[in-house]
Amino acid sequence: MRAIQYAAPSTVEDAVAILAEHGSDARMLAGGTDLIVQVREDARDTGVFVDAKKIPELMELSVNADGSTTLGAAVPCHQLYNDAHFTATYPAVTDAARIIGSTGIQGRASVGGNLCNSGPAGDTIPPLIVHSAVCNIAGPDGERTVAVEDFCTAPGRNVLADGELLVSLTLPKPPAGSGSHYLRFIPRNEMDIAVVGAGAWLQLDGETITAARTGLGAVAPTPLFVQAAGDALVGMTADEDAFAVAADIARDAASPIDDMRGTIAHRKQLSYVLTQRALRGAKARAQGGSPTNGH
Amino acid sequence: MAIDTRVAPKIKHHDEEYKVIGTRPIRHDGLEKVTGEARYGSDINLPGQLHGKVLRSPHAHARILSIDASRAQALDGVSAVITSADLPDPGDKLTTGGEAPGLPVKFKSANMLARGKVHYHGHAVAAVAATNQHIAAEALKLIDVEYEVLEPVLEVWDAMKPDAPVIIEDLYTAKADGTTAEEPSNVAAEMLYEVGDVDAGFAEADLVVDREFTFGVVHQGYIETHNATANWLKDGHLHVWCSSQGAFTIRQELADLLNHPITKIHVVPMEIGGGFGGKTTAYLEPLAALLSQQTGHPVKMAMDRADVLKATGPTPGGYVRVKMGVTNDGTITAGYANLAFDAGGYPGSVVGAGCRCVFAPYNMTNAKVEGFDVVVNKPKTHAYRAPGATHAEFASETVVDEICRTLDIDPVEFRLKNSAKEGDWQLAMPPYPRIGHIECMEAARDSAQWQTPLETAPGKKRGRGIASGFWFNIGFTSSVIAKLNSDGSVTLLEGSTDIGGTRTSVAMQFAETLGIAIEDVDPIVADTDSVGQTDVTGGSRVTFATGLAAHNAANDMKDQIAEGLADLWDVAADSITHADGTFSANGNSATVREAAGLLEEEGVFPIGKNTVTPTREGGAFAVHIADVEVDEETGKVEVLRYTAVQDAGVAIYPPYVEGQMQGGVVQGVGWALNEEYVYDDDGHLLNASLLDYRMPTALDVPNIETIIVEVPNPGHPYGVRGVGEVPIVPPPAAVANAIHDATGLRMSHLPMSPPRVQAALAAQA
């Protein structure tokens, strides 16, 4: 039998100290919807649970002077989709927040936790990538920032060193005329893990694409920033031909595996289809409408 | 949200009018279940109780070289560790009871705790009892098992090859001609059924369609996991509380497996959180009993979800070939079918039942059906709602649809023209009694869905499919003991675990016969010491057979009341008439309530009882219609609309019948589209969780429209046919035929999951 410890620091400093003291035996606990399940199933051996929810910086959701948003690492999903400004500004992120687990799970699960769990299929990560989010990390040696697409390093692994924690994410203010969308493919209609997930963000000048970012989940050891797809779109008219070009690039960028959740061939196909659909949705939002396809 | 209070359509083919039967009273177990007061196995906690856990094999096929439990036994808090060495040697004994009696007990015993070899990933190897679950879990890690890993055999077509590794070294095929094979193999049994001249029938045909189908393993997916608490007293009395589909079956299995007298075994059935055929046999009960015997304490055990998926009895994967011949005017001339089902790690699949059903909806004058029961390195398979019929009829109903398409014949007209009816041949059984396939097909044809053209949507591939289904149902033995209380109410003891609402449907038949209100009957599912022999809740038999016992017990009580009144009224008992719950003779009359009061004064307390083993269960037919939309880009299939039509004989409690129909459809749609066991090449089950074993959620099925058809079963006083199983049979074929209508694809594997549909679409393009 394993004795466990629970700590509830109220400052980032104290949390860093506890994490530094216990090294890999300690783990931040936000909603616990991944961590507690993993420990129960013997998939992770954690001795010290460090509760994130008593630290103000980790629970913060606020708009900064420059229009960017600070999203505390432990802010639960439901808070995002119940926040009109956040939903209007970063719709791809709320698309993801609405489909993680069940309503009950969304009351606990956080975007930061989803990112730190670093699963290849984490639904919020492609949306954060397309919104150019930056991770604010605190540790024994002070603070540092990492672009969200560089955060995950392998399934279940990320750039956080022992003693470090994710404090918050900074999401830049999207320019006018932009929109985003995230959707995933699951064989059922709820309560499932993405076979493939795709996010897209577009900025339009009239019908012309002036900036674009796309991301994919569950097709590589980490969520992917498909930079080439977005780059290819710049200067093109936002139509089906353009989306097909980007979708082709996304399919080529995907390097999925066969597993119990999907096959290589199916995931390749889905990378194409979902990128296309995410771009359509992003375009619709950029033009003030809403996506008409996909979940 | 508004509550849907519509009463679904019912189509009667009889003139009987009943007072209680066919009404919708409040269910007897409703309040306890919605308030959480109903007691399930996990609610049992006894003083001094220990907790048991099972060590399971990490390999699909391996020889056990040694088991060393000394480190576990030395752990503080551990009271006992058992292995197969602690189970008595069953010798050549055969099983009795359950759904499939007559199998060697040695196989069942080895499935409880592996004897010499493990036959599948998750096979129980040892069990421990400790003061709490955490210590028990820790102890499992301290049991050292040395394995010699062997090559696994996972699919029937591999297991049947002459050079396949033989899983059970002394298994000799029981051949269809009654002889036994001389060399051991993985084929436990062969079956052959024939009628007419199949070669001549195919020679007459203008069109022959011959197709092969394969199947993944699926689990029943009941939400309550298996559990058992046992208390073995010093005098040898063994008390067991468990979640099972039959307390008497568990008692018999405990007697067989533990070599313990049946009179000393007392099994208490707890409320059950789903079974669907998967709780018709013991898993934890014998282990908890042995651990209790060894420790002198009660021992409680419960499986987690992974245990349930890995190591209970899912229903088989396998292979079905169906070949049918027809003339150009759409008359079936011959049918041939070959079914090979995986039994799992030990013999005894449901292939025989599949054989019986494969051509059941049709009047077959020339047919040949072969079946093979094949041992593979997967969990020992078990019944799942019309076991074997879904596989078999997915194949035959897909072939029928192809025939209709090829000959351009309406699928309803084809089925009406060739339908089985009273007096037609039935495989391995006497000719059909009165059955309702034609009536179901007519009701389907006239249904709102069939009469409404499929709505098209731009850019969407939509299609409609129809399919028939048959399940034969079973009779077996049931008992009822009914006590007339002095206020005229009745306490009704029955032995059938109530899975589908049967305590109410049984009580309603009793009330109808005695002529009292349903509210005056209090039905109780009794333990093995308190009611007569009652076989497993399975084969859709309870409302039929236990209902018959209730009817007979009510008549017995009626006779006893009449005898009591005869003394009071000074008339001959046989001169007393009984109508609408009132006894009358010679100017005297008394309702049941009044009679109970009169008899109480005389010290007379009637007890009606009956034990019955009926054999005229009557078959059940269903016809289902599915509308689907196929996402051509992803391969995902959405069910848009669904109608289920079913012959219930007479629907005793219509809401339960509708619930069974809808529940069967949900499970059938899950099987059709997503559910399957996923194995790696070494035979490890990869998706032993409800996250990755994908059963449908509420968002995955539409409202299921139901139409009850009543063609009374002549083998039951109220015309009852079992209703619980047949509704799972048509959905995969109805969905497959709808997918074909939408896309032109013929899917030949279940499940028709998105990657498979997408791959088939890509191949088509």
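This is a predicted model: local features need pLDDT of at least 70, side-chain atom pairs count only at pLDDT 80 or more; totals for chains, interfaces and linings use all residues.
The domain assignment divides chain A into domain 1, covering residues 5-171, and domain 2, covering residues 178-286. Taken over C-alpha atoms, the centres of these two domains of chain A are 24 Å apart. Their contact involves 24 residues of domain 1 of chain A and 23 residues of domain 2 of chain A. In domain 1 of chain A, the residues that lose the most area to domain 2 of chain A are Pro120(A), Pro126(A) and Val130(A), which together make up 28% of what that side buries.

Polar interactions also link the two domains. Between domain 1 and domain 2 of chain A there are 12 residue pairs in polar contact, counted with both residues at pLDDT 80 or more. On the side of domain 1 of chain A that touches domain 2 of chain A, at least two residues each come from helix H5 (91-97), helix H8 (125-130) and strand E8 (152-154) of chain A. H8(A) gives the most to this side of domain 1, namely 5 residues. By class, the residues of this side of domain 1 of chain A are 15 nonpolar, 6 polar and 3 charged. A salt bridge joins the side chains of Asp123(A) and Arg184(A), with a distance of 2.8 Å from N to O.

**The interface of chain A and chain B**

Chain A provides 22 residues to the contact between the chains, and chain B provides 28 residues. One of the salt bridges here pairs the side chain of Lys141(B) with that of Asp42(A), at 3.8 Å from N to O. On the side of chain A that touches chain B, helix H11 (residues 264-286) of chain A supplies the largest share, 7 residues. This side of chain A comprises 11 nonpolar, 5 polar and 6 charged residues.

| Pair and property | Value |
|---|---|
| Domain 1 and domain 2 of chain A, buried area | about 1,800 Å², 63% of it on carbon and sulfur atoms |
| Chain A and chain B, buried area | about 2,200 Å², 50% of it on carbon and sulfur atoms |
| Domain 1 and domain 2 of chain A, salt bridges | 3 salt bridges |
| Chain A and chain B, salt bridges | 5 salt bridges |

Between chain A and chain B, 17 residue pairs are in polar contact, with both residues at pLDDT 80 or more.

**Two buried residues of chain B**

Gln49(B) is located in the loop between helix H1 (30-35) and strand E2 (50-56) of chain B. Gln49(B) counts as buried because its relative accessibility is 13%, and the cut-off for buried is under 20%. Apart from neighbours within four places in sequence, the contacts of Gln49(B) are Ile44(B), Thr229(B), Pro298(B) and Lys300(B). The side chain of Gln49(B) also reaches the backbone nitrogen of Leu46(B) at 2.9 Å. Gln49(B) and Ser292(B) are separated by 243 residues in sequence, while their C-alpha atoms are 9.0 Å apart in space.

His716(B) is likewise placed in a loop, between strand E29 (704-710) and helix H19 (730-743) of chain B. With a relative accessibility of 5%, His716(B) counts as buried. Residues up to four places away in sequence being left out, His716(B) touches Gln509(B), Thr543(B), Phe544(B), Gly547(B) and Leu548(B).

Notes: Residues are numbered from 1 along each chain as its sequence is written. Chains are lettered from A and ligands numbered from 1 in the order in which they are written. Side-chain values use heavy atoms; hydrogens and water are left out. Domain bounds come from an automatic or database domain assignment. Contact means heavy atoms within 4.5 Å. Buried area is the accessible area (1.4 Å probe) that two parts lose on being put together, summed over both. A salt bridge is a side-chain nitrogen of Lys or Arg within 4 Å of a carboxyl oxygen of Asp or Glu. A polar contact is a pair of N or O atoms within 3.5 Å; within protein, one must be able to donate a hydrogen and the other to accept it, and residues adjacent in sequence count only if both atoms are side-chain atoms. Helices (H or I, at least four residues) and strands (E, at least two) are DSSP runs, numbered from the N terminus. Ala, Val, Leu, Ile, Met, Phe, Trp, Tyr, Cys and Pro count as nonpolar, Asp, Glu, Lys and Arg as charged, and the others, Gly among them, as polar. Buried means under 20% relative accessible area, exposed over 50%, partly exposed in between (1.4 Å probe, protein chains only).
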